Amino acid sequence: MIRTCSRRKTSRHGRGILPLIGLLMLSLSAGCTQSDTNQTTTPQQSPQAQEATSTPSPQSLRKIKVVTTFLPMYMFTKAVVGNAADVEILVPPGTEVHEYQSTPENVKAIATANVLVENGLGLEEFLDSTIKNAQNPKLSVIDASKNIQPLNEISPVEKTSKKEEEHDHEHDEKSGTKAAEHDHEHAEGNPHVWLDPVLVKQQVANIRDGLIAADPANKATYEANTAAYIKQLDNLNSEFQQTLQKTPSCTFITFHDAFPYLAKRYNIKQVAVVEIPEDQLAPADVQNAVNAVKKYKVKALFSEPGVDNKLLTSLSKDLNLTLRSLNSLETGNTDPQYYFKAMRDNLQTLETACQ
Ligand SMILES: [Zn+2]
């Protein structure tokens, strides 16, 4: 079954297939030409660094309790913390974060926590009321997306392409609800910043700074662990740059609007988001998608791991595109190193699809 996240997120933009949701402009390609050949050689440094900094100390006797919202926040927090604090996750991996409803256990967890780490940008809609119910005046909340400029997947089209590509956006403009949705998107931004390794560096640094403020006794540990993880993120970023610069402007379609940050960073383009309805695709929807594929020379249609949907399969045949799987990391393994494995799998998928 399709996860509700994907269906619901895309349905905010109307029914059927939208020919263009996020035509992302070319990002700077000049910065994509680094040639450091040592960049892929140190993926195992972070665990060792964590070991080195997690030796028993007086502080470990009174560990603070940190709750995180969903998988990426758990992984990044755990990477920063090592064994210096207790880290919990509110949204169990495998449970949909976009539509999540909090449980009484979540309220209890926040009520007894010192720190809460959230992605922010409107992702964790369940959080406001849950925090209120927890009534924990000592709780400090870390917004991992602090100082990150959110992308709006619609505004680039509106601002930069409306005149030249008016014809293509007729479908968008016809809907009376569009204006309100645009306002909403501007207010919240797209939350999927964790799929851009460079923005994850900022998220990890935000988590580090918040933890140091809440638990200064473990400052050195948080700093060392963060530095090690950021080094791994730098390596990952270099791998993405070096690989995807070979296929500039590679264009793809998804059914989950999760990849605009990744696309912008590496000069590829997410041109359309396909809504997968419950029953069947209307012929006009299929035709719109076919037109988008032709016009933008779309190379790939991406689903997600664990998603098996007959409509997607049939659409991929109509579009004459191979259906591949990109991981949005909203579910998976909780090991901080899983981030790098999943992202390298994504890179391989993109490389193959974009050839
Ligand atoms: Zn999502």
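In which sense do strand β1 and β2 pair, and over how many bridges? In this predicted model, local features were considered at pLDDT of at least 70 and side-chain atom pairs only at pLDDT 80 or more, whereas totals for chains, interfaces and linings use all residues. Residues are numbered from 1 along each chain as its sequence is written.

Strand β1 (residues 65–68) pairs with β2 in the parallel sense over 4 bridges; helices (H or I, at least four residues) and strands (E, at least two) are DSSP runs numbered from the N terminus, and pairing requires at least two DSSP bridges between two strands. Within this pair, Val 66 has Val 87 of β2 as its bridge partner. The two strands belong to an open sheet of 4 strands, ordered β2-β1-β3-β4 with parallel pairing. Its edges are formed by β2 (86–89) and β4 (140–143), each of which pairs on one side only. On average, neighbouring strands of the sheet are turned by 20 degrees against each other, direction ignored. Helix α9 (residues 197–214) packs on the sheet and touches β3 (115–118) and β4, its direction making about 165 degrees with that of β4. Here, contact denotes C-beta atoms, placed from the backbone, within 7 Å, and axes are lines fitted to C-alpha atoms, for helices over the stretch in contact, with angles from 0 to 180 degrees between N-to-C directions.

Val 66 is also among the residues with the most contacts inside the largest nonpolar core, which has 82 residues. Such a core is a set of buried Ala, Val, Leu, Ile, Met, Phe, Trp, Tyr and Cys residues joined through C-beta atoms within 7 Å. Residues touched by Val 66, not counting those up to four places away in sequence, include Thr 77, Val 81, Ala 113 and Val 117.

Cys 250 lies in the loop between α10 (219–244) and β5 (251–254). Cys 250 is buried, with 21 other C-beta atoms within 10 Å; a residue counts as buried at 20 or more such atoms, as exposed at 12 or fewer, and as partly exposed in between. Beyond four places in sequence, Cys 250 touches Ile 268, Lys 299 and Cys 354. The C-alpha atoms of Cys 250 and Ala 300, 50 residues apart along the chain, are separated by 8.5 Å.

Helix α12 (residues 283–295) buries Asp 285, Asn 288, Ala 289, Ala 292 and Val 293. These residues lie on the same side of α12 because they cover an arc of only 135 degrees around the axis, the arc being that of the directions from the helix axis to the C-beta atoms. Pro 283, Ala 284 and Lys 294 are exposed on the other side of α12. Just after α12, Lys 297 adopts a positive phi of about 50 degrees.

Definitions and conventions. Contact = placed C-beta atoms within 7 Å.
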